[in-house]
Each structure stands twice: as structure tokens, then as C-alpha cells.
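Q: I am new to this structure and would like a close look at a single part of it. Please guide me through it step by step.

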Amino acid sequence: MVPRRQDSGVKRPGAGRSGSVINFRTTVSSSSVRRSSAVLPSLLTFLVIVASGGLLLMIEKGMLSGVETPPPRGSGRRMDLTRQDAKHSPAAVDVDSQIVQEIRNRTIRTVCSQKNMPHSIWTLSPLQRKTLLQHILVNDEYRFLYCYIPKVACSNWKRVLKVLGGTLENVEVNIKMDHRNDLLFLSSLKPEEIRYRLKHYFKFMFVREPMERLLSAYRNKFGEIESYQKKYGVEIIKRYRKGRAKDASVTGDDVTFAEFVRYLLDEDVERMNEHWMPVYNLCQPCAVSYDFIGSYERLESDSEFVLQRIGAPPSVHFPERQTWYKPVTTETLHYYLCSLPQKLLRELLPKYILDFSLFTYPLPNTTTQHCRH
């Protein structure tokens, strides 16, 4: 059963599917956007992949044979703004942000156009499809789908969805987030209902630098959450710490980052816990044509764009960061990665290489000279 609301509620920026098309914000003049596209030659798509190390993996899998880079989009079409919040005015968005969106757009389209990549959710394996559908949240009133990524502000986005759904008074209500109740998941719908929403609804997700997200999950789950310490921490310590395999006193509250990485190396990415499963496997950007992929690094402005795009009321805004939140700083990430045995890091990166490549994040610099500083 498809929703009764007519398509006039939200207009899709483009018709049809061309790989994974990500509609970037059109908040500067048409000529500016065209100039931005003009300086992005086809080679740049491949340079992005090369810079992140993904090209080697793609060559090995035969993914780049016969690649034809799609032409620049650069339509320069402006969006009519309905929200009047000057503080978050999209006019403040710089051209660099749009260039990043364009590079990301073209990189995803190029990689996802290959024959051996999934082109719809129905070509995914049952396990892959189950994971994806369990991570896509639905709002029928505002006609959008949001694929949530743990450790990428998903709790705050769920607050927004609950406010839009009328089950939460406002995003600042001080309550513990219930990640299941009062939320509609795509996995709970019938195939024909899923198809309709994937075709007609605005689809978005948010990404974060892979190693920063991984470190955030490690610090939170093994440093603060007892259930994770007992379920995963005990297993990790008994498996990777010498002499502790049969130690009944292990509590799992002192897992080192190196031990955590060793555990990840032995895990199948498709069966990982969602907090450290690669973004690619969670949201399948080749199987789902996302209209917008926001960045954690530009969380405030990207979130405001999404709220404008879905037609959210001006009273609904993205929540402020909680006072208790401990951000992963550049210095903190530098410390953990430089303290990690380089052999482990070299083995870990391939598991997240599609996250680096598709979302245009450079591989971390852990050379001896860099780590000394």
C-alpha cells in the first residue's frame, strides 16, 4: 500500500537513476556552479580514488574495466527556500562545499556503474538487504528516507524524525533516546511499499571520516557502555591477550585500541556490529540512489539543507551537540593511529577502503615524520 499523499509534497530534483546521484546544494549562482563543474575534468574522479588508495583494490577486482566517466552535472538550478532561519542561511555555504559534493557524486557514479556492483537493493544478498533495510528510516508525511550511520549524529537525526512524527515535543527534550520505538523502518514494509518509497522519496545519509568514526565507537562502547564491555570486550581480551583465554575475572573494560583493531581484522564486514561496520555496507550507496550525502564535518549546514529540502517547519532545527559529548579531535586521532602498530593499520584500511574512496576521505598519514609531530 502506497501513501495517499500526492507527489506534489516534495519534488525530486531529477528523474530516473544514473548510478548513485547525489544532489549537492545549489545555493550560489548558476554561473558559479557551472564554473565549479568546469574545473572538474574526468581525470579528477580517478585522482580522488587514487589518493585514497582505492584504485588498487578496484583494479584487482576488475572494477575499472571500461569505465566511462559521466559528464559534469552543473545544472546550476536553484532551490526555493522556505525556511527563514538566518542563523543557518544556506547562502553561507561556500563553493568548496559544492565542489566536494560534485567530486563525491561523480566518484560514486563511476564506481557504482560497474557491472559487478549492486544496482538495486534486490540484487543484494539477503544479509546485505536485511542490514540496509534495517538502517533506513521512513517519514511518510515529509516523504523522505534517512539511512542512519551509528556514530554520525544518528541519535540527533532520530530526534528530528520523532519531532516531525509528533512523538517528541522538540529536539531538546532531555530524555534517553529510544532507537526503536516511534520510528518506522523500511524493513517493516512490504516489497511494493519499499519500491514506491525508494522511487519517489528524498533519500539522504551522513558520512564521517572512517578512522575517526571507528575511534569514536571504540571510546564510547568500550570506555562507557558496560553491555558492550561484557559482550565484546571480554571476548576480545580472552582472544588476543596472552594468558587470559580462560580467565574468569576478565570484565572487558580495558580493551586496548590495538586489540580492538585485531578483532576487526578477523571479522567479516557484513557481520560486524553496526557501530563499526563500514558505511558502505550499512547504506549500500550503489544499490540506493541517495539524493544527498552530508558530511559530519559540515553537520550543521548540511543538516539545515536537508531540513529545507524536506520542507520541515522553521521551528524544527537540528539539535545542538550534547554537553557531555567527547569529540574525537585531530590530536586524539593522531595519537591513537600513530600509537597503533603500522602493520595493523595497513591491514585494517582495506576493510574501509570503499568508505575512504567513495566519500573522498584521504587515507591517514602515519609516517614516522608525521607522527613525531
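How many bridges join strand E4 (residues 202-207) to E5, and do the two run parallel or antiparallel?

A: Strand E4 (residues 202-207) is joined to E5 by 4 bridges, and the two run parallel. Strands pair here if DSSP finds at least two bridges between them. A word on the basis: this is a predicted model, in which local features need pLDDT of at least 70 and side-chain atom pairs count only at pLDDT 80 or more, while totals for chains, interfaces and linings use all residues. Residues are numbered from 1 along each chain as its sequence is written, and side-chain values use heavy atoms, with hydrogens and water left out.

Within the pair, Phe-206 stands opposite Gly-294 in E5. On E5 (residues 292-295), Phe-292 and Gly-294 point one way, whereas Ile-293 and Ser-295 point the other way. All of them are buried, meaning under 20% relative accessible area with a 1.4 Å probe, protein chains only.

Now for the setting. The protein chain has 16 helices and 5 strands; these are DSSP runs, with helices (H or I) of at least four residues and strands (E) of at least two, numbered from the N terminus. Of its 373 residues, 52% count as buried. Among contacts (heavy atoms within 4.5 Å) between residues at least 6 apart in sequence, 78% join residues at least 24 apart.

Key
Buried < 20%, exposed > 50% of the residue type's maximum accessible area, 1.4 Å probe, protein only.
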